[in-house]
Amino acid sequence: MTVSGTVESADPRGPVATLLRDLRSGAEGLSVREAQRRLHVHGPNELPRRGTRRWWKELVRQFTHPLALLLWAAAVLAVVSGATPLSIAILVVIVLNAVLAFVQERHAEHAVEALGQYLPQRAWVIRGGHRHQVPARELVRGDVLLIDEGDRISADARLLSGSIEVDMSALTGESVSVPRGADFVDDASRALDSPVLVFSGTVCTAGSARAVVHSTGARTEIGRIAALSERVHVDESPLERQVRRVAWLIAAVAVAAGVAFLPLGLVAGLTLSTAFVFAIGLLVANVPEGLLPTITLALAVGVRSMAKRGAVVKRLSAVETLGATTVICTDKTGTLTANSMRVVTVRSGLGLCSTESPAEHALVAAVVRCSTADLAGEAVGDPTELALLAHARNAGTDLDTETRDRERLALYRFDPRLKRMSTVDSVGGVVRVHVKGAPEEVLPRCVTTLDEAGTEVPLSEHERASAERVVEEMTARGLRVLAVAHRVWTRGTPQDREQAERDLCLLGVVGLLDPPRPEVAAAVKACHEAGVTVHVVTGDNGRTAAEIARQVGIRVARVIDGEELDALPDRELDRLLGGDAEIVFSRAAPEAKLRIADALRHNGEVVAMTGDGVNDAPALRRADIGVAMGVSGTDVAREAATVVLTDDNFATIVAGVREGRRVFDNVRKFVLYIFAHAVPEVVPFLLFALSGGVIPLPLTVLQILAIDLGTETLPALALGREPAEPGLMTRSPRSRTEGVITKRLLWRAWAVMGGVSALLVLVPFFAVLLNAGWRPGAPVGEGSELHHAYLQATTATFVGIVVCQLGTAFAARTERASLWSVGLTSNRLLLAGIAFEVAFTAALVYLPPLQQVFGTAALPLWVLLLMVPFPLIVWGVDELSRWRLRHKRNAGPS
Ligand SMILES: Nc1ncnc2c1ncn2[C@@H]1O[C@H](COP(=O)(O)OP(=O)(O)OP(=O)(O)O)[C@@H](O)[C@H]1O
């Protein structure tokens, strides 16, 4: 009986009976209703959220980061030199940039934080006498927790039964597993060292146990010791680091250009203060302050869309690595296959025949005993075992879990290295060992079998050979095969596993079908087209795995089993994995994954490796991208991985690769776009300086700022959301060393788009001036006859740059493909950005108050008409260069 209300303080290290009494709980756990009441009274099992940075601190940071400080310095210099409007404009630049960066970073942070909801921590408890899976935040004091291998422990608890190994590194920093058991003697001085207690935040690496929760949330040891920040750490990705470096480089160039302009301006006849103002303008215009937050946001948006598709990426930086994946090493069960295991064939007794026999009854009885799964209610357990239990139930043999567990004397769990499991049970007073596992493991341990009458007879060599043939037949059909055996134990109980699993009586073999997931074949094909190699690493039989692999289109060049792999020297393994050949590693021990990951990385591959068990964790960490199974995987694997699949599906990994490529491409697109505008902005200044002032300045400083601020930002953001380019998944993966900024990108930005734009914008500038009667060297200053024409001419340059940007934006949308193939209107955000750009420019040119500030003048129609073809020319030249690239690729060797 449990009574609601406050639970008194309870000593977790005192006698169990007293603890249970104080917690008002029992071996059967709390009732569901009582648990809900306690949750309501005491609150959820959560750590207080500390360390969440205040929003205003974040905002202040945006105003004080080094690039912003550079702009502040420029604003001060502008005031000093008497150019107040410029300093105000710079302040506007600083504020707008800070606000934009702030909004973008918040957005990115929220996107990453929201990932938590895709990966809720769960725990198994006994409530009202039944197993339930509940969200870990709903655990309450008095709950009886079921802890299994691979589970993360979510509350502080006292063990009631069983023994486990626990990795305490979250609390102690030492990552060695320590034994903990309900019956251990508690003589530790610190609670943390007590062998009967387990703590929130630690993980169970082996065994299973029951424990009663005595502290939750902030009252747990981890809640007390660590002022833990729950904030998701948004670490800097290599991409961001690269771009940060480039941003600094450009900033340095901008400062250098500004400083260099000063003497050039003076030589060209400017006064010191005017030269100063222009130098500052040049500097401000070219400092790429908005680049980084835009990239962070693009990555975060990528992460969010991947999560929606079932791939939860835990680090922003993983998005780009995922896109560069060259090799995927995948599990078989559940990833390539549907994990809907079903017994399709049973062969039992002498000669392993398919007729019903006493051996088959014994076999069914054995698989029911030799199991830790539970079919009742919410089916829990290993899918292989659940399938065997379902088969037994259909065959009329059912045994409730309680009786099974009560009559069990020993359990030797399924060990992926030994590939078998066994139990020692007392059945009607007889002690019997039940064994099931991979035939290669079980058959050699069998010395007898059962004949038609159910009598134990010796297993002759002939019988053994025919059993092996039956197994071969089944595996060739892609079936997972298990051999089942038992033995009667007459002398007490076996000492250890080795003793128990000796001299067995073979009952038969079972073939289970787990069909491939229907979507996997297409995903494998996509991998091949994208130049990604797929290897299968499985604990299953080589023939079974190779058959399934072939069914999904993997080009199995070779099957290497565990023993063969062990005998293979590292150099040989590197060589084998060096080509495009796809390999099935069968009967692989978990350590094999680590070796394979190492060899692939040694060959320079970018490796995505899947895993689900505790033993897979090291390989998941070692691979470039560790991919854990969210459904069937253990908490340990989920924590070690960078990507968690919420559907365990191979096709989702491939969708992730595609998304990673898209995000990386998009970052390139807006970097390209932002870089391209520098040339038409700088060239006019150079022209003025190099001509020694004979040609007047074609652009004013405030007009430059208007471009950087007003017209450029939104289209750049929109390019970050560009849909995937056709051919994205038919090109080879990007090389590990290839950065975001390549020679081709710089060529396209500066020579093609920037160069063409720079030439074009000078056309309306000179056309307006010449049309008004200007000749080189003629005065255009305030009060002069040509002054209005000069204002119109600079306005024409300004509008010319904006118009060329339209062409650049459309050209930047694709890296290789033609604009037609993606569709002119497929990026709505870009169209909206461009509409804003045009409206903003029109306001600047035609609204008198803005004309005053920006030094613009209304343009006559003929000037506007002159500029109509500009976007087409900029885009057209780039389109031609992309066409040439495609043409060359197609013609060249593939
Ligand atoms: N619960 C079990 N009890 C006994 N033997 C098992 C059990 N599950 C699997 N086996 C045997 O061990 C072999 C390896 O299984 P394991 O589960 O380790 O493979 P795996 O690496 O998970 O395979 P996959 O790559 O297909 O997911 C199986 O082929 C089967 O013969």
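## Contacts and overall make-up

The model is a predicted one, in which local features need pLDDT of at least 70 and side-chain atom pairs count only at pLDDT 80 or more, while totals for chains, interfaces and linings use all residues. Residues are numbered from 1 along each chain as its sequence is written.

The secondary structure comes to 35 helices and 23 strands, taken as DSSP runs numbered from the N terminus, with at least four residues of H or I for a helix and at least two of E for a strand. Along the principal axes, the C-alpha atoms fill a box of roughly 120 × 70 × 40 Å. Of the 894 residues, 48% are buried, a residue being buried if 20 or more other C-beta atoms lie within 10 Å of its own, exposed if 12 or fewer, and partly exposed in between.

## Nonpolar cores

A nonpolar core is a set of buried Ala, Val, Leu, Ile, Met, Phe, Trp, Tyr and Cys residues joined through C-beta atoms within 7 Å. The largest one holds 207 residues, and I90, L145, F585 and V643 touch the most other members. Helix α25 (residues 650-676) gives the most to this core, with 16 residues.

Leaving aside neighbours within four places in sequence, F585 is in contact with H535, V536, V537, I560, L565, A592 and I596.

## A pair of packed helices

Helix α4 (residues 66-80) and helix α9 (residues 272-286) pack at an angle of about 160°, with their axes 10 Å apart. That makes α4 roughly antiparallel to α9, since angles over 145 degrees count as roughly antiparallel, under 35 as roughly parallel, 65 to 115 as roughly perpendicular and the rest as oblique. These axes are lines fitted to C-alpha atoms over the stretch in contact, and angles run from 0 to 180 degrees between N-to-C directions.

In this contact, L71, A74, L77 and A78 in α4 meet V277, I280, L283 and V284 in α9.

## Two loop residues with positive phi

R24, in the loop between α1 (16-22) and α2 (32-42), has a phi near 50°, a positive value in a residue other than glycine. R24 counts as buried because 20 C-beta neighbours lie inside 10 Å.

K419 is found in the loop between β11 (408-415) and β12 (420-427), and its phi is near 60°.

Methods. Contact = placed C-beta atoms within 7 Å.
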